[in-house]
Amino acid sequence: MTTEIDPMSPVPRYRQLAAILRKAIEVGQYPPGSRLPSEKTLNQTHGVARETASKAMDALAAEGLAAMVPGVGWHVPPEVAGSPDA
């Protein structure tokens, strides 16, 4: 599993980051109900701008894989499509 952003890739960085996080959710690194890394953490660990991290999270939210909890942060929804519990 690729866990690094390829700055030379034609794929936008936010899509690369979303793919990394999607895979982590799929393999259970972030199970349903768990908290996802903050945009600041994603910035530090993947070397992306905060806006890039934000767009990646928005992309995951559009897929139903992430949900923003105001004042708390991003979480994997309790029932994620494709999870064993869903």
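Reader: Is E63 buried, partly exposed or exposed?

Author: This is a predicted model. Buried means under 20% relative accessible area, and exposed means over 50%. E63 has 40% relative accessibility, so E63 counts as partly exposed.

Reader: Which side chain meets E63 in a salt bridge?

Author: E63 sits in the loop between α3 and β1. Its partner lies in helix α1, 41 residues apart from E63. The N to O distance is 2.7 Å, and the partner is R22.

Reader: Where do R50 and E39 lie, and how many residues apart are they in sequence?

Author: The side chains of R50 and E39 meet in a salt bridge at 3.2 Å, N to O. R50 belongs to helix α3 and E39 to helix α2, so the pair ties together parts whose separation in sequence is 11 residues.

Reader: Is E39 buried or exposed?

Author: The cut-off for buried is under 20% relative accessible area. E39 has 15%.

Reader: How is α1 oriented to α3: parallel, perpendicular or oblique?

Author: The axes of α1 (residues 13–26) and α3 (residues 50–62) come within 8 Å. They cross at roughly 55°. That angle makes α1 to α3 oblique.

Reader: How many residues of the contact of α1 with α3 are nonpolar?

Author: From α1, the contact residues include L17, A18 and L21. From α3, they include A56, M57 and L60. One residue of the contact is polar and three are charged; the nonpolar ones number nine.

How values were computed: Residues are numbered from 1 along each chain as its sequence is written. This is a predicted model: local features need pLDDT of at least 70, side-chain atom pairs count only at pLDDT 80 or more; totals for chains, interfaces and linings use all residues. Side-chain values use heavy atoms; hydrogens and water are left out. Axes are lines fitted to C-alpha atoms, for helices over the stretch in contact, and angles run from 0 to 180 degrees between N-to-C directions. Helices (H or I, at least four residues) and strands (E, at least two) are DSSP runs, numbered from the N terminus. Angles under 35 degrees count as roughly parallel, over 145 as roughly antiparallel, 65 to 115 as roughly perpendicular and the rest as oblique. Contact means heavy atoms within 4.5 Å. Ala, Val, Leu, Ile, Met, Phe, Trp, Tyr, Cys and Pro count as nonpolar, Asp, Glu, Lys and Arg as charged, and the others, Gly among them, as polar. A salt bridge is a side-chain nitrogen of Lys or Arg within 4 Å of a carboxyl oxygen of Asp or Glu. Buried means under 20% relative accessible area, exposed over 50%, partly exposed in between (1.4 Å probe, protein chains only).
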